[in-house]
Amino acid sequence: MHRSNTSDRHVEHDSDHVYLRLQAVEALGDQHGSWRLQTQFLEQQVLLCITSGHGTLTLDGRYIELRPGTVYACGAGQLAEATVQAMDERGCYAIHYDRYTAAGDPARLILHPGVDTNIPGELTAESPLRLAMLCAEIHRLWQAGTDLDRFGAQTRFQEMVYQLLLHARAPVSDEQAALDAARMYIERHYREKITIDDLAGVARMSARHLMRRFKQRYGCSAMDYLTIYRIQEAQKLMRIEPPPPLKEVGSQVGYQDDIYFRRKFRQIVGIAPAAYVRNSRRRVVACHPQAIGILLALQTIPCAAPASHPWTSYYRRKYATDRVMPLSDLPGERLAQLQASGADAILATGGRLSEAELAELRSIAAVCEIPWQGQDWREHLRYAAQWLGIAGMADTWLARYEQKAAAVRAQIDPMIGEQRLLILQVTAERLLVPGAHSMAEVLHGDLAIRQAEPLQDRRTPEIKLEELRQLRFDRLLAVIDDDDGARARWQSMTLSASWCELDAVRQRRVDTLDVTPLHDYTAFTHELLLEEIWKLWHDRA
C-alpha cells in the first residue's frame with residue numbers, strides 16, 4: 001500500500017494516456033458505524049475513501065492505519081483485509097474502477113489489471129468535507145442507475161481523482177506529519193492511559209515542544225484533545241438503544257473512576273450524562289433547514305428534517321437512517337408526516353410560519369419558534385438550547401468554538417496579515433457578496449480578516465463582474481455553488497478580460513470553496529467553515 005512517502009507527498013503522474021472507468025460504488029457501514037472486509041483477493045482497482053471513522057487495512061501483508069479524510073488505493077489482485085469503526089453520518093465508501101491505457105492509439109483501450117501506479121497508495125484530501133460530499137454524490141448518481149446519472153457519477157469520480165492528485169503534489173512538513181501522528185495515536189489508544197511523554201515519543205519531539213505546537217495546531221492541548229475525544233466516543237455509546245450503564249460507558253472510553261468520568265462529561269458537554277441520555281431520546285423535528293445546524297451543534301439528531309435541504313447528498317446520507325424522516329416540501333404531505341413522527345418538540349425559525357401553520361404544529365407537539373431577525377447565530381443557538389433545557393451545552397460549545405477560532409486566526413495570520421478579503425459567491429444566475437447573517441461574519445468577525453472596501457454602502461448583495469474593479473481588496477475567496485450552472489459561470493468568468501485585470505488575480509491571490517452547505521447561517525456550519533478555512537490557508541501560512 002505504501003508506494004508513496006506520506007511525509008513527502010510530491011508525486012508526478014504519467015497519465016496522458018491513462019483512462020479510469022468507474023464500475024461500482026459502495027456506501028460502507030452498518031447501524032453501529034462499523035464495516036469489515038474479510039480477507040480476499042481484490043477483483044478490481046478500489047479506492048477506499050475514509051470520510052469518517054478510523055480503522056486498519058492489511059494489503060499484501062502490509063499493515064496500514066486508516067485515517068479520516070484520506071483515500072487508500074488498492075490494486076486488483078492484492079490480498080486485502082480491512083476494518084473501520086466509529087463512522088458518523090458521512091460514512092465511508094469503496095469506489096471500484098478499471099484502468100485502461102491507449103498506447104499511442106486513443107481508439108484502442110487496453111485494460112490493465114494489477115496495481116495502479118498512477119495513483120499513490122495514500123492520498124489526503126485538501127478538504128475532508130468536500131471529499132465526503134463528492135463520494136456521497138458519486139454514490140447517489142451511481143445508484144440512480146440512469147445513463148445520464150451514471151455519466152454524472154463518472155465525471156464526479158474523475159474530478160475527485162484529479163483533486164486528490166493535485167493536492168498530493170503539495171509537500172507536507174515533517175512537523176505537520178509528526179503532530180498528525182500524535183493526534184492519531186490519541187484516537188487509536190484513547191481507551192488506554194496516555195501521557196505527554198507517550199505522545200512526544202510518537203511525534204519524536206520533546207514534550208515541551210509537542211505541547212506548544214499541538215495547541216497551536218489543534219486549538220487545545222493534547223490532554224484536552226484526549227478528554228474531548230473520549231467524551232465524544234462516550235456520547236456515541238450513550239446514543240445506542242438501549243444505552244449501556246454509565247459506569248460501563250466510562251470504562252469503555254478510558255475512565256475507570258465513575259465520578260471522575262461524570263465530572264469530565266459535564267465539563268466538556270455542559271450537562272450531566274443522565275441529562276444527555278434523556279435529551280438524546282427526545283424526538284425533535286427540524287421544521288426549517290436552519291434548525292438542523294442548531295440541533296447538530298447541540299448533539300441532537302433531528303427525527304425529521306426538510307428533504308430539500310441544500311446539504312444535498314452529504315446530509316441525505318443522514319436522512320437514509322431509520323432515525324431521520326425526510327420531510328416533504330408540500331404542506332399537506334409534511335403535516336401528515338409530522339403527525340406520524342411521534343415528535344416531542346418542533347424547532348422552527350421565526351417569521352416563516354403563519355398563525356394557522358403554527359396552530360397545526362402545536363396540535364402535534366410543543367413548538368420552539370426561534371427569533372431570527374435582529375439576532376445572530378450565537379443567540380439562535382442559546383435560545384434553542386434554553387428552550388430545550390440544555391443551555392449548558394450551548395455555553396460549552398460556544399467556548400470551544402471561540403478557542404478554535406482563535407487558533408485558526410493565529411495560524412493564518414502570517415499569510416493573510418492586513419490583506420483585505422473579498423468573499424464572492426458564485427451561483428448559476430448571479431454573483432453575490434455575502435453580508436450580514438452569512439459566512440462573512442466568520443471570516444471578518446471571528447477570524448478578524450479585513451474586508452474589501454467600500455461595501456458598507458451597497459444596498460444589495462448582487463454584484464456584476466465589471467463592478468469588482470471598483471472595490472479595494474488584496475485577496476478573493478470564491479464560494480462556488482455545487483451545481484453545474486455555477487461551475488460553468490465560474491469557468492466562463494475566469495477566462496474573461498474583466499477577471500484577468502483584477503489585481504488579486506494577477507497576484508495569484510484567488511482561492512475557492514465549493515461547499516454549498518457552508519452558506520447556512522448556523523453554529524454547526526460555521527464550525528465546519530473554520531475547519532475549511534484552516535485547511536485552505538494553514539499550509540501556505
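# A tour of the predicted model

Start by selecting Arg 230 and Tyr 255: the charged end of Arg 230 sits over the ring of Tyr 255, 5.1 Å from the ring centre. Keep in mind throughout that this is a predicted model.

**Around Tyr 255**

The whole structure holds 13 aromatic pairs. One of them is Phe 261 with Phe 265, an edge-to-face pair with 6.0 Å between centres and 65° between planes. Both residues belong to helix H8, residues 258-269, and they are four residues apart, about one turn of the helix. In an α-helix there are 3.6 residues a turn, so residues three or four places apart point the same way. Colour by accessibility here: Phe 261 has a relative accessible area of 0% and is therefore buried. Phe 265 is also at 0% relative accessibility and counts as buried.

Now move to Trp 377 and Trp 397. The ring centres of Trp 377 and Trp 397 are 6.1 Å apart and the planes meet at 85°, so this pair is edge-to-face. It links distant parts of the chain, with Trp 377 in helix H14 (residues 377-388) and Trp 397 in helix H15 (residues 391-416), 20 residues apart. Trp 377 is buried at 1% relative accessible area, and Trp 397 is buried at 7%.

**Back to helix H6**

Select Thr 227, which is found in helix H6. What does Thr 227 touch, leaving out residues up to four places away in sequence? The list is Tyr 255, Lys 264 and Ile 268. With a relative accessible area of 11%, Thr 227 is buried.

**Helix H3 and what surrounds it**

Next select residues 174-189, helix H3. Its 16 residues reach 22 Å from the first C-alpha to the last, close to the 22 Å expected at 1.5 Å a residue. Show the side chains of the buried positions in H3: Gln 176, Ala 178, Leu 179, Asp 180, Ala 182, Arg 183, Met 184, Ile 186, Glu 187 and Arg 188. Which elements do the buried residues of H3 pack against? They pack against strands E4 (54-59) and E5 (62-66), and against helices H4 (196-203), H5 (207-218) and H6 (222-238).

**Strand E10**

Go to Leu 123, in strand E10, residues 122-124. Is Leu 123 buried or exposed? Its relative accessible area is 4%, so Leu 123 is buried. Display its contacts: leaving aside residues up to four places away in sequence, Leu 123 touches Gly 69, Thr 70, Val 71, Leu 164, Leu 165 and Ala 168. Then draw a distance to Cys 49, which is 74 residues away along the chain; the two C-alpha atoms are separated by 9.5 Å.

**A charge over Tyr 100**

Select Arg 21 and Tyr 100. The charged end of Arg 21 sits over the ring of Tyr 100, 4.9 Å from the ring centre.

**Backbone stops**

Most residues other than glycine have a negative phi, and most peptide bonds are trans.

- Ala 448 is found in the loop between helix H16 (440-446) and strand E18.
- Glu 453 and Pro 454: the peptide bond joining them is cis, with omega about -10°. Pro 454 is in the loop between strand E18 (450-451) and strand E19 (462-463).
- Arg 508: phi is near 55°, again positive in a residue other than glycine. Arg 508 lies in the loop between helix H19 (503-506) and strand E21 (510-513). At 79% relative accessible area, Arg 508 is exposed.

**Last, colour by confidence**

The protein chain has an average pLDDT of 86, and 89% of the residues score at least 70. Select residues 1-14, where the pLDDT is below 50; this stretch has 42 contacts in the model beyond near neighbours in sequence. Residues 311-316 also have a pLDDT below 50, with 22 contacts beyond near neighbours in sequence. Where pLDDT is low, the predicted coordinates should not be read in detail.

Key
Residues numbered from 1 in each chain as written. Predicted model: local features only at pLDDT ≥ 70, side-chain atom pairs only at ≥ 80, totals over all residues. Heavy atoms only, no water. Helix = DSSP H or I, 4+ residues; strand = E, 2+ residues; numbered from the N terminus. Expected span 1.5 Å × (residues − 1). Buried < 20%, exposed > 50% of the residue type's maximum accessible area, 1.4 Å probe, protein only. Contact = heavy atoms within 4.5 Å. pLDDT = per-residue confidence, 0-100. Phe/Tyr/Trp six-rings, centres within 6.5 Å; stacked < 30°, edge-to-face > 60°. Lys NZ or Arg CZ within 6 Å of the ring centre and 35° of its normal.
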